[in-house]
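Here's a quick tour of one protein model. Have the sequence and the 3D view open as you read.

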Amino acid sequence: MEKITSFTINHLALLPGIYVSRKDQAGGATVTTFDIRMTRPNYEPVMNTAEVHTIEHLGATFLRNHPRFGSQVLYFGPMGCRTGFYLLLTGDYESWDIVPLIKEMFAFIRDYQGEVPGASARDCGNYLDMNLPMANYLADRFLKNVLADITEERLIYPE
């Protein structure tokens, strides 16, 4: 079998950033899949499931309610390796097109206080596995260390 696209990326050279993972055609529309990589694979510890789960709930809620992009969001969720998230949008985009959106989302997560949306037994299959303070911290770290002055090496996959 052929390797899927995400397994052809050199994870040893991959830095935290925002990357176009792939573009597909579905029903006559382009779907752009973004790799939002928050930790450096195989160099940094991965994120724990509780903070990943919290970022997923907050990020999905923010994105689906966004005035410009909300109707284009198909999916926002974690990578199995726990180093980042995938965002699927309808439309033909490049990484730099969504930098403002991702900055806005992570500022929302950094600043969020209160009940995490969907964190109840009725709404979620694992609602107790949440860590808002750590999600706030990781969002702040990603904003400061990656998004604040993002460069091309963090927007285009390494060779």
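His 57 sits in helix α1, which covers residues 49-64; helices here are DSSP runs of H or I with at least four residues, strands are E runs of at least two, and both are numbered from the N terminus. Bear in mind that this is a predicted model, where local features need pLDDT of at least 70, side-chain atom pairs count only at pLDDT 80 or more, and totals for chains, interfaces and linings use all residues. Residues are numbered from 1 along each chain as its sequence is written, and side-chain values use heavy atoms, with hydrogens and water left out.

His 57 belongs to a set that the UniProt record (an unreviewed entry) annotates as "binding site": His 53, His 57 and Cys 124. Such annotations may be inferred rather than shown by experiment. The three span 72 residues in sequence, yet no two of their C-alpha atoms are more than 10.4 Å apart, so they gather at one spot. Cys 124 itself is in the loop between α2 and α3.

Two of them compare like this, with buried meaning under 20% relative accessible area (1.4 Å probe, protein chains only):

| Residue | State | Relative accessible area |
|---|---|---|
| His 57 | buried | 14% |
| Cys 124 | buried | 13% |

What does Cys 124 touch, not counting residues up to four places away in sequence? Contact means heavy atoms within 4.5 Å, and Cys 124 reaches His 53, His 57 and Gly 118. With that same exclusion, the neighbours of His 57 include Val 116, Pro 117, Ala 119 and Met 130.

Now for the helices around that loop. Helix α2 (residues 99-111) packs on helix α3 (residues 132-147) at about 145°, with the axes 7 Å apart; axes are lines fitted to C-alpha atoms over the stretch in contact, and angles run from 0 to 180 degrees between N-to-C directions. Residues making the contact include Phe 106 of α2 and Phe 142 of α3.

On to the sheet. It is open, has 4 strands in the order β1-β2-β4-β3, and pairs antiparallel; strands count as paired if DSSP finds at least two bridges between them. The edge strands are β1 (17-26) and β3. Strands β3 (residues 73-78) and β4 (residues 84-90) are joined by 5 bridges, and they form a hairpin with 5 residues between them. In that turn, Arg 82 has a positive phi of about 65°. Val 73 has Leu 89 as its bridge partner, while Tyr 75 has Leu 88. Helix α1 lies across β3 and β4, running at about 165° to β3.

Definitions and conventions:
Buried < 20%, exposed > 50% of the residue type's maximum accessible area, 1.4 Å probe, protein only.
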